[in-house]
Amino acid sequence: RNENCNENYTTDFIYQLYSEEGKGVFDCRKNVLGHMQQGGAPSPFDRNFGTKISAKAMQWISKKLKETYRKGKVFANTDDSVCLLGMRRRNLVFQPVAELKTETDFVHRIPKEQWWLKLRPLMKILAKYKTSYDVSDSGQLEHVAMHSPKEAETGA
């Protein structure tokens, strides 16, 4: 949705529509990217990157449609028919949403493992932070280690 779309289809309307239709199967949140980014004019890198990922996404969609089209219908019922395009180590990768389920902490709405947390000791050193430097950091968030009171009781 952008600022030039139909005046009846506001962000609030779309949020309420998806919230109602989700009925416990999924939930949604409002997120207006312009308010989050505050980035000014896109750089040539941004424009180039946007073009590359959109072209890659369109190629993937076209390929999937050709693979799943039979007798006038599209049968997109495999795990790899619903994917997210993201960057992993300098490569653009399509990852099935079914795989992401095992990697996601749904309670806190964050990944279970975040690669950048392993850099925390280095960041502290560079910031001349006074602490002991343990290089065996597992890269886990301490404040989200336990998900519920039941897990704390059972020690899970």
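A helix here is a DSSP run of H or I at least four residues long, and helices are numbered from the N terminus. Keep that in mind for the first stop: T102 sits in helix α4. The model on your screen is predicted.

**Stop 1: T102**

Select T102. Is T102 buried or exposed? Exposed means over 50% relative accessible area. T102 has 57%, so T102 is exposed. K112 lies 10 residues from T102 along the chain. Their C-alpha atoms are separated by 8.6 Å.

**Stop 2: the whole chain**

Zoom out and colour by secondary structure. Follow them from the N terminus: the order is α-α-α-β-β-β-β-α-β-β-α-α.

Of the 156 residues in the chain, 10% are buried.

Next, think about contacts. Take those between residues at least 6 apart in sequence: 27% of them join residues at least 24 apart.

**Stop 3: the largest pocket**

Select L84, L100, E103, T104 and P111. Of the 28 lining residues, these are the closest to the centre of the largest pocket. The pocket's volume is about 1200 Å³.

Which elements each supply at least two residues of the lining? Highlight β3 (83-88), β4 (91-96), α4 (97-103) and β6 (110-111). Helix α4 is the one that holds T102.

Colour the lining by residue type. It divides into 14 nonpolar, 4 polar and 10 charged residues.

Now colour 1-40 and 41-127 separately. These are domain 1 and domain 2. Why does the largest pocket lie between them? Both domains give residues to its lining, so the pocket lies between the two.

**Stop 4: two loop residues**

Select K71. Its place is the loop between β1 (69-70) and β2 (73-74). Check the backbone: phi of K71 is near 50°. That is a positive value in a residue other than glycine. The relative accessible area of K71 is 87%, so K71 is exposed.

Move on to R89. Where is R89? Look in the loop between β3 and β4. Those two strands also supply residues to the pocket lining. Phi of R89 is near 50°, again a positive value in a residue other than glycine. With a relative accessible area of 80%, R89 is exposed.

Notes:
Residues numbered from 1 in each chain as written. Predicted model: local features only at pLDDT ≥ 70, side-chain atom pairs only at ≥ 80, totals over all residues. Heavy atoms only, no water. 1 Å grid on protein atoms, 1.4 Å probe; cavity = no way out; pocket = protein on both sides within 12 Å on 5 of 7 lines; lining within 4 Å. Points joined across faces, edges and corners; volume = space filled by probe spheres on them. Nonpolar A, V, L, I, M, F, W, Y, C, P; charged D, E, K, R; others polar. Domains from an automatic or database assignment. Buried < 20%, exposed > 50% of the residue type's maximum accessible area, 1.4 Å probe, protein only. Contact = heavy atoms within 4.5 Å.
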